[in-house]
Amino acid sequence: MNSYIDLIEQTFEFPTREFGVDEKNTLLFNNVPLMDIIRQYGTPLKLTYLPKIAEHLENSRLLFRNAIKKFNYKGNYTYCYCTKSSHFRFITEEVLSHGGHLETSSAYDIAIIRELFRQEKLTKSTYILCNGYKQPLYRKYISNLINDGFNVIPILDNLKEIHDYAENTTTETVNLGIRIATDEEPNFAFYTSRLGIRYNDVLSLYQEKIAPNPKLKLKMLHFFINTGIQDSAYYWSELSRFIYKYCEMKKVCPELDSIDLGGGLPIQTSLQFKYDYQSMVDEIVESIAWICSKNNVPPPHLFTEFGSYTVGESGAVIYSIIDQKLQNDKELWYMIDGSFITQLPDSWGLNQKYIMLPINNWDAPYQKVNLGGLTCDSQDYYNSEAHSADLYLPIYNEETEEQFIGLFHTGAYQESLGGYGGIQHCLIPAPKHVLVDRDDAGNITTRLFAPEQTHEAMLPILGYELKPKEEGDTHELGVNAASPQGNRTKAFVAEEEKAEVVEQ
Ligand SMILES: Cc1ncc(COP(=O)(O)O)c(C=O)c1O
């Protein structure tokens, strides 16, 4: 019977730039031998490969730089990162250290901005684009940032929000953006997005509330559609409509000089993924230039707020298969030491697919399996891929071997949706999180960002008291209370025992 590697090589062009297999038949992710990470940290394990973030940030710039050059476009491009995709400090710091700018969506984001400034990770010239439906606290924090001289552009999402910036700011100028409500894709439940200001209200908002106030300057129009940047009639027609609106507004509002194209650049969700990033960006830039020139309007500066594209491909979740359960003649379950519903909520709530690959045993024959999560919810499973209705993994002997698997490109939105370190279904703990980086010489470095969540982190949230441990207390709850390694795998323990023998 063919081995797992034969299956992959026959189905895809493999190895890829990101995935390969070493001589031990174990998986390399961006040339990082994942078995080494498993041996060091155990599973379940979330991993962020930090160099990917800079790579994609620079790619975004390159895509726009190429298009701007190709079409002799007269505006410039600014890359912003949409923090809601992943708020972690190691992500925002990585973005900022490569000269990226930020987009926020909540009052609590502003606390992050303040902290990053305190740590000198961002300066007052870093763009802070403030999106979202803003409650009073968010509006207040934005006004305070403006008063303190930060380079903030609040992007108006409704007609009332402007009042706060007109009344509560003390600077000479307040730059503003307007998010325009796009039409939803044809098969969506609603016709027009609830996010932003409807097309018909944009001009009157400007004429009645912005133009008469010498302090307020409309600098930017904002565009975002839910389906992301796709080569579809829907995307191109919404984009054109938006650019025509920009031209109309530019004629009455000379300060207007920028558009924000939002997020939506896709990521690889299958080894078969095909998307021509450069031609999409070329076509966007060319369309904007063409519509502007037709309307005798100078083309706007371009901003984007790529979230998924910035962080998605940096993330992976690695699990051990802890059991094989054959529940009838053909339904075989590989049980993981984690949960899809809590740790990869998009896979459950949106049927999102990720790249799923075994970490070891690539030389073994394979079989069709279903992956089962630890919660008791029957929906906590994963059993198909973007390119196939079936899922295959190596056959292994559970008595003598171990099997590890990884789900890749999971870096965006999973903590924002599923929570992190709180209370989740069946009290499944947040897995440990390891950051993988490269030093100046290109060597791999790893560090534990957070150990596996413990019961001590959960009980107070639920209102229980934590009894202080007394001397002679023999009652121990489990390894994660005692060890930051949490549920160490057999491979980890074996390595440790081997090391002890060598030391003796
Ligand atoms: C206003 C806005 N900008 C940017 C993004 C980021 O989108 P993506 O992660 O698809 O790049 C979102 C996502 O919801 C958004 O609502």
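In the predicted model, the crossing of helix 3 and helix 4 is right-handed. Helix 4 covers residues 89-97, and the axes of the two helices come within 9 Å and cross at roughly 40°. On the side of helix 3, the contact is formed by Ile53, Ala54 and Leu57, which meet Ile91, Glu94 and Val95 of helix 4. Of the residues in this contact of helix 3 with helix 4, five are nonpolar, no residue is polar and one is charged.

Helix 3, which spans residues 51-70, also packs against helix 10, made up of residues 277-294. Two packed helices are described by the angle between their axes and the distance between the axes. For helix 3 and helix 10, the axes come within 9 Å and cross at roughly 50°. Helix 3 is therefore oblique to helix 10. The crossing of helix 3 past helix 10 is right-handed. Helix 3 contributes Leu62, Leu63, Phe64, Asn66, Ala67, Ile68 and Lys70 to this contact, and helix 10 contributes Tyr277, Gln278, Val281, Asp282 and Val285. The residues of the contact of helix 3 with helix 10 comprise eight nonpolar, two polar and two charged.

Among the strands, strand 5 runs over residues 77-82. Six of the six residues of strand 5 are buried, so this strand is largely enclosed by the rest of the structure. In a regular strand the side chains alternate between the two faces of the sheet. In strand 5, Tyr77, Tyr79 and Tyr81 point one way, Thr78, Cys80 and Cys82 point the other way, and all are buried. Strand 5 pairs with strand 12 (residues 301-305) in the parallel sense, over four bridges. Within this pairing, Thr78 is placed opposite Phe303 of strand 12. Strand 5 is also joined to strand 6 (residues 101-104) by three bridges, and these two strands run parallel. Here Tyr81 stands opposite Leu102 of strand 6.

An antiparallel arrangement is found for strand 15 (residues 355-358) and strand 20 (residues 404-408), which pair over four bridges.

Strand 2, residues 27-29, is joined to strand 3 by two bridges, and the two run antiparallel. The bridge partner of Phe29 in strand 3 is Val32.

Asp6 is located in helix 1, which covers residues 4-11. Asp6 has a relative accessibility of 26% and so counts as partly exposed. Asp6 and Tyr366 are separated by 360 residues in sequence, whereas their C-alpha atoms are 9.7 Å apart in space.

How values were computed: Residues numbered from 1 in each chain as written. Predicted model: local features only at pLDDT ≥ 70, side-chain atom pairs only at ≥ 80, totals over all residues. Heavy atoms only, no water. Axes fitted to C-alpha atoms, helices over the stretch in contact; angles between N-to-C directions. Parallel < 35°, antiparallel > 145°, perpendicular 65-115°, else oblique. Left-handed = near helix turned anticlockwise from the far one by under 90°. Contact = heavy atoms within 4.5 Å. Nonpolar A, V, L, I, M, F, W, Y, C, P; charged D, E, K, R; others polar. Pairing = 2+ DSSP bridges. Buried < 20%, exposed > 50% of the residue type's maximum accessible area, 1.4 Å probe, protein only.
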